[in-house]
Amino acid sequence: MNVVVVGAGLAGLTAAADLVAAGVEVTVLEARERVGGRTHGIEVAPGSWADAGAAYLGDRHTALLALLAELDLKTTPTVTTGGSRFALGGDGDRTSSGRFPPLSAVALGELFESLEELTRQVRADAPWLSVDADRLDGRTAADWAGEHLRHPDARLFFPLFLGEMMAADPADVSVLHLAFYLRSGGGIRYLNAFAGGAQDSRVDGGAHQLCERLAARLGERVRLGTPVRAVHQDGDGVTVVARTGEFRADAAVIAVPPLLADAIEHRPGPPAPRSGGRVAPGCAVKVHLIYPTPLWREQGLSGWSVSEHGPLLSTVDDSPADGAVGVLTGFVTGREAHRFAALPAAEQRAQALAQAERLFPGLPAPIACHVTDWINQDYSRGCYAALFGPGDWPRLGPGLTAPHRRVHWAGTETSTEFFGLMEGAIRSGHRVAAEIKKSYGRRDDHV
Ligand SMILES: Cc1cc2nc3c(=O)[nH]c(=O)nc-3n(C[C@H](O)[C@H](O)[C@H](O)COP(=O)(O)OP(=O)(O)OC[C@H]3O[C@@H](n4cnc5c(N)ncnc54)[C@H](O)[C@@H]3O)c2cc1C
């Protein structure tokens, strides 16, 4: 039995590793000249790495933690010690002792209660089958905010929260998707929390090492620089057509984001598209400002900030545990990410530096500035994950994991558990490998 896996992100490589362990012949075809997909490391000092893509994880990410242990990788806690900086609501920049923004506690409390109530209304395993699915699916998160959020502080904070959590503009996601995303990720409190929550830790040395180590084990089975254009099926198997040639297999796994899965030509065509409709790319640009040391700590600050105006809507201290340099990561998300991504590099740098200096007075110019634009990457088409708009879940949900004959689907967007996160990607990889072993095991004794 042999299987072609399309995409060498966490989902594709997890699936490939499981299949190889079961004795299946596997070829992984990856469009880029690197593995990792939405995990990606940038070297910020010799031998020291920061996460340009996915970074944070928590204790409920059990498949990810198991993979880290298997690959002999460690985690390092997210920095939370020190004061936070806020530039919200026209009161000037402020320092607060915790992470809670200096806005009306009542208004934000009500906002979070409303979101929790929404979260309770959706079925995590099949959001389109939730009791009130039609109503929740019929409008966007922006519509919902317009109807429900009366207090200006709640109106101010909601898009910032959505940007940070989902890299989404409220106009891009249905209320159903918002509620599903929060539920799938463990609930609003878990998703939003550093210590003890989904952002508790990072992978020491960078999350990209997960895919690099998986790929190293797979060796020559992984072919880089091999974008797949088409998948043709006949009675005996599949032919996967890549730029560099054709690959014949008994089955294929497509482990790419939904907007890119639809860019692959399928013959025969699948019963339903993988995206289409209102599915939008997540909008995130990450900015890394590199300093000789984490200088903000000397002023009793954690590096955490939230700003009403961009480009850096939030910042966090992502300094490597080895202490080689100080790394301040800025998140540019939602609508602001589109504006920022369209600027020339020099202007991006100037705007990012000016804001960092305003937020952290006395901070000198950084020794380096790295901008990673995920919106305009051909083989990601947005991040953190695809955003489902009104009408998308009822249309796409039922076919999310259903194989199209010999073509099987993986990727974080096929996982209703921890959708959009590394954990969801890894779970989808295990799921698809088990699915293949089960369905072809009956036809082939080797599996
Ligand atoms: C800025 C950013 C921050 C994030 N933060 C977090 C976080 O803190 N915690 C967390 O858990 N998650 C986070 N995520 C999300 C996480 O990175 C993803 O959920 C996960 O990595 C997705 O893995 P995947 O294998 O499903 O898809 P991908 O990583 O997108 O892998 C798909 C692979 O397919 C390849 N490909 C695409 N098209 C083709 C084609 N036609 N032919 C061949 N190959 C193709 C791509 O190059 C890619 O390597 C973040 C993502 C980003 C970008």
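A polar side-chain atom of Glu30 is placed 2.6 Å from an oxygen atom of the ligand, a polar contact being a pair of N or O atoms within 3.5 Å, where, within protein, one must be able to donate a hydrogen and the other to accept it, and residues adjacent in sequence count only if both atoms are side-chain atoms. The structure is a predicted model, in which local features need pLDDT of at least 70 and side-chain atom pairs count only at pLDDT 80 or more, while totals for chains, interfaces and linings use all residues. Residues are numbered from 1 along each chain as its sequence is written, and side-chain values use heavy atoms, with hydrogens and water left out.

The ligand is surrounded by 36 residues, of which the closest are Glu30, Arg38, Thr412, Gly420 and Met422; a residue is near a molecule or strand if one of its heavy atoms lies within 4 Å of it. This shell divides into 23 nonpolar, 10 polar and 3 charged residues, where Ala, Val, Leu, Ile, Met, Phe, Trp, Tyr, Cys and Pro count as nonpolar, Asp, Glu, Lys and Arg as charged, and the others, Gly among them, as polar. Helix H1 (10–21) and helix H14 each supply at least two residues of the shell; helices (H or I, at least four residues) and strands (E, at least two) are DSSP runs, numbered from the N terminus.

The protein is divided into domain 1 (2–37 + 208–278 + 389–441), domain 2 (41–59 + 75–81 + 197–204 + 283–373) and domain 3 (102–192), with bounds that come from an automatic or database domain assignment. Because domain 1 and domain 2 both give residues to the shell around the ligand, the ligand lies between them. The centres of domain 2 and domain 3, taken over C-alpha atoms, are separated by 26 Å, and 16 residues of domain 2 are in contact with 12 residues of domain 3, contact meaning heavy atoms within 4.5 Å.

The loop between strand E21 (407–409) and helix H14 (422–441) contains Ser415, which is buried because its relative accessibility is 6%; buried means under 20% relative accessible area, exposed over 50%, and partly exposed in between (1.4 Å probe, protein chains only). A polar atom of the Ser415 side chain is 2.6 Å from the backbone oxygen of Glu417, and, not counting residues up to four places away in sequence, Ser415 touches Phe180, Gly424, Arg427 and Ser428. Phe418 belongs to the loop between E21 and H14, and its relative accessibility of 8% makes this residue count as buried. The phi of Phe418 is near 55°, a positive value in a residue other than glycine.

A positive phi, of about 50°, is also found for Ala167, which is not a glycine. Ala167 is placed in the loop between helix H6 (152–166) and helix H7 (175–184), and it is buried, its relative accessible area being 0%. Most residues other than glycine have a negative phi, and most peptide bonds are trans. A cis peptide bond, with omega about 5°, joins Gly310 and Pro311, and Pro311 is in the loop between strand E17 (301–307) and strand E18 (314–317). Cys383 and Tyr384 are likewise joined by a cis peptide bond, with omega about 5°, and Tyr384 is located in the loop between strand E20 (368–373) and helix H13 (392–396).

Gln233 is part of strand E11 (residues 228–233) and, at 13% relative accessibility, counts as buried. A polar atom of the Gln233 side chain lies 3.0 Å from the backbone oxygen of His404, and the side chain of Gln233 also reaches the backbone nitrogen of Arg406 at 2.8 Å. Leaving aside neighbours within four places in sequence, the residues in contact with Gln233 include Val238, Arg267, Pro268 and Val407. Val106, by contrast, is located in helix H3 (residues 105–121) and counts as exposed, at 58% relative accessibility.
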